[in-house]
Amino acid sequence: MLLFASAALFAPVLSPYNPLSQNLDQDLITHSAQHLLGTDKLGRDILSRIIFGARISLLVGASTVALSLLIGVGVGSISGYAGGFVDLLLMRLIDILMAFPGILLAIAFSAVLGPGLDHVIVALALIGWTNYARLVRGEILSLRERDFVHAARALGCRPTRVIVLHLLPNLLPPLLIQATFGVAAAIVAEGSLSFLGLGVAPPTASWGSMLNEGRQFLLVAPHLTTYPGIALVLTVLALNLVGDALQDRLERRIR
Amino acid sequence: MKRYLLYRAALLLPTIFGVLTLVFLLIHLIPGDPVDIMLGETASAADRQELRQVLGLNQPLLVQYRSFIINLLRGDLGQSLYERRSVTSIVRARYPATLELALCAMIAALVISFPLAVCAAVRRGSWTDRTTLTVSLLGLSMPNFWLGPLAMIIFSIQLGWLPVSGRGGPDHLVLPALTLGLGMAAILIRILRTNLLRVMSEDYVQTARAKGLSERSVWLKHALRNALLSLVTIVSLQFGGLLAGSLITETIFSWPGLGRMTVQAIEMRDYPLVQGCVLVISLSYVFLNFVTDIIYKWVDPRISYGN
C-alpha cells in the first residue's frame, strides 16, 4: 500500500517518462533498457503510465469513499435518529438502490453521464453510499437508547450535536473498515468502467483503460494487459488485507 | 408460510416500482438533450423531431412515465434505434446465453469452493487453512477484466487448449465461466468456512460429539448440513452479481448474451436498448432475491423476519 501511495503521490518524480509522450518509432516494445515494462501502440512508456495510473486509482478510490461517506453518514444518521416515517422512507429508497446489482447501476449512470473522472466518481458514489447509510443507521438505532445519549439530550444538546459529538465517534472503527474495503471496490469499479470505455477519457492513463487498449493487442503484445493488471491486483489485495486485519482487530476488541 | 409469502410479495411491489422508475429516469439523466447525444450534432431537424416523437420525449414527463409502464405491462420495451427491432425480441434472443453462462459460472464456483472451504475448516489454523484463505483473498482481488484476458493469453493463445471467444460447444464455456465464477468462488470459500466453524462451536455439535459420534459423522450430519443452509442465500445473491458481471465477461469473450448487448448498446448510444437490458437484468436480480427469501424460509422454518 505504501508503494501504491508513493507512486500516486510522487508520480512526476518517480516515472521515467511523461505518460502521454508518444514515440511511434518505439511502439509495442516488450521490454528494453530504456523501457523496463515496454511501450504501448503509441510508444508511450508502460511503467510511467502505470505509475500515473496509480494517481487516478487513488483519486477515484479516495474521492468515491469520501463522497459516499458524506451522503451515507448523513442519510444513515437522520434515518436512525429520526426513526418513524423518515426512517421508513429512506430505508425504502436504499432498498430500491440495492435492488440493482451495484456495477450495473454504475455502468448505467456512467453511460448516461458520459466518460470523465468526475462522472466516474459521482456514479460510484451514487451506488456506494447505501452501505454506509445502512451501517450508520443500524449502529445509531442500537446506541440511541444508551445512557450517555439520554444524558446528552437531558443536558439540552440538539440532535445534530448528539449525532456528531456523541454517536458518530462510536462508529469510527466499523466505518474505517468499510471505507478500506470501499476504496478497493471503487478502484476495481473504476477499472471496470474504464475497461468498457466509460471511465477516464483518453489519453489519461488509468489501469482499466490501459487494459482495454491492450485487449486489441493480446496476440502480439500481451504485456500491455499483464502489467497494469498486476498493479491493480496487488493494490486491491493490499487494501483487502488491511481491511481484513482491521476487522479481525475490531472483532477481538468486541469479544 | 402463506402469510410470509404475502408479506414478502407486498415488499416486492415498491421495489419493482422503484426499479422501473429509476430505469425510466435514466434517459432523462443525460446531460443536455438526449436526442443530440443519440443522433450527434450533425443530424437534421426532421430526424431529431422524428426520434423525439418515437421516444415520446415531446410529451410531459408524467405522460411518458404512464406510457412506459403501460407498454411494459404489455411486454413492450420499445424499439432499438440501431437494430431496428423491438427491444423485447432482442432481449428474448440474448437472455438464454447470459443465463447459461451465469449458471455454469455458479456451478464452477460451487465445485471449486466447496471442497476447499471444507478442507480449510476441518484443518483450522493449519497450513492448508491459511493457504486457502490467502488464495481466496487473491481471487477476490482479481477483477474479471484482467483475469479474462490473462486466461485467454495462457489457455487459448499460448497453449491453444480452448477457443478464444464466441459461443459454441462446451469448450467455449470453460474460460468465460471460470472467469466469471472465480470471484464468486473466493467469496463462497470464506463464507462457507466461517459458517462451518460457527456451526462446529454450537451446543448440538458438542452434544453429538459427547454421544460418541465419529468426527466424520459430526461433520457430515451436523456441521455441513447446517452450514449449507446459509449457502442458499449467498449463492442466489451472488447469482444476481454474476448476471451483472456478465457485462464484462461477455465483452471479453464475445459471448452473445445480454451483457455484451448492453455494452454494445451503450457504445451505440441506443438508450431504449440500454434501458431494456438494464431493466431485465435488474428485475431478474430482484426476483431472485425474492425467491431466495422464500426458499430460505421454507428450508429453515426457524427464520423469523418480524411481523
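Let me start with the largest nonpolar core of this predicted model. That core holds 139 residues, and the members that touch the most others are A:Leu104, A:Ala106, A:Ile107, B:Ala105 and B:Cys277. Among the elements, helix α8 of chain A, residues 159-195, gives the most to this core, with 17 residues.

Let me stay with one of those residues. Which residues does A:Leu104 touch, leaving aside those up to four places away in sequence? They are B:Ala244, B:Leu247, B:Val278, B:Ile281 and B:Ser282.

That brings us to the interface. In total, 37 residues of chain B are in contact with 34 residues of chain A. On the chain B side, the elements that give two or more residues are α1 (2-26), α6 (127-141), α7 (144-158), α10 (215-252), α11 (258-267) and α12 (271-299). What is the make-up of this side by class? There are 30 nonpolar and seven polar residues, and charged residues are absent.

Let me turn now to chain B as a whole. Its secondary structure comprises twelve helices and zero strands, so that the pattern read along the sequence is α-α-α-α-α-α-α-α-α-α-α-α. The C-alpha trace of chain B spans about 85 × 60 × 30 Å along its principal axes. Of the 307 residues in chain B, 35% are buried.

Finally, a word on contacts within the chain. Taking the contacts in chain B with a separation of 6 or more, 69% are between residues 24 or more positions apart.

Definitions and conventions: Residues numbered from 1 in each chain as written. Chains lettered and ligands numbered in written order. Predicted model: local features only at pLDDT ≥ 70, side-chain atom pairs only at ≥ 80, totals over all residues. Helix = DSSP H or I, 4+ residues; strand = E, 2+ residues; numbered from the N terminus. Buried ≥ 20, exposed ≤ 12 C-beta atoms within 10 Å, placed from the backbone. Contact = placed C-beta atoms within 7 Å. Core = buried A, V, L, I, M, F, W, Y, C linked by C-beta atoms within 7 Å. Nonpolar A, V, L, I, M, F, W, Y, C, P; charged D, E, K, R; others polar.
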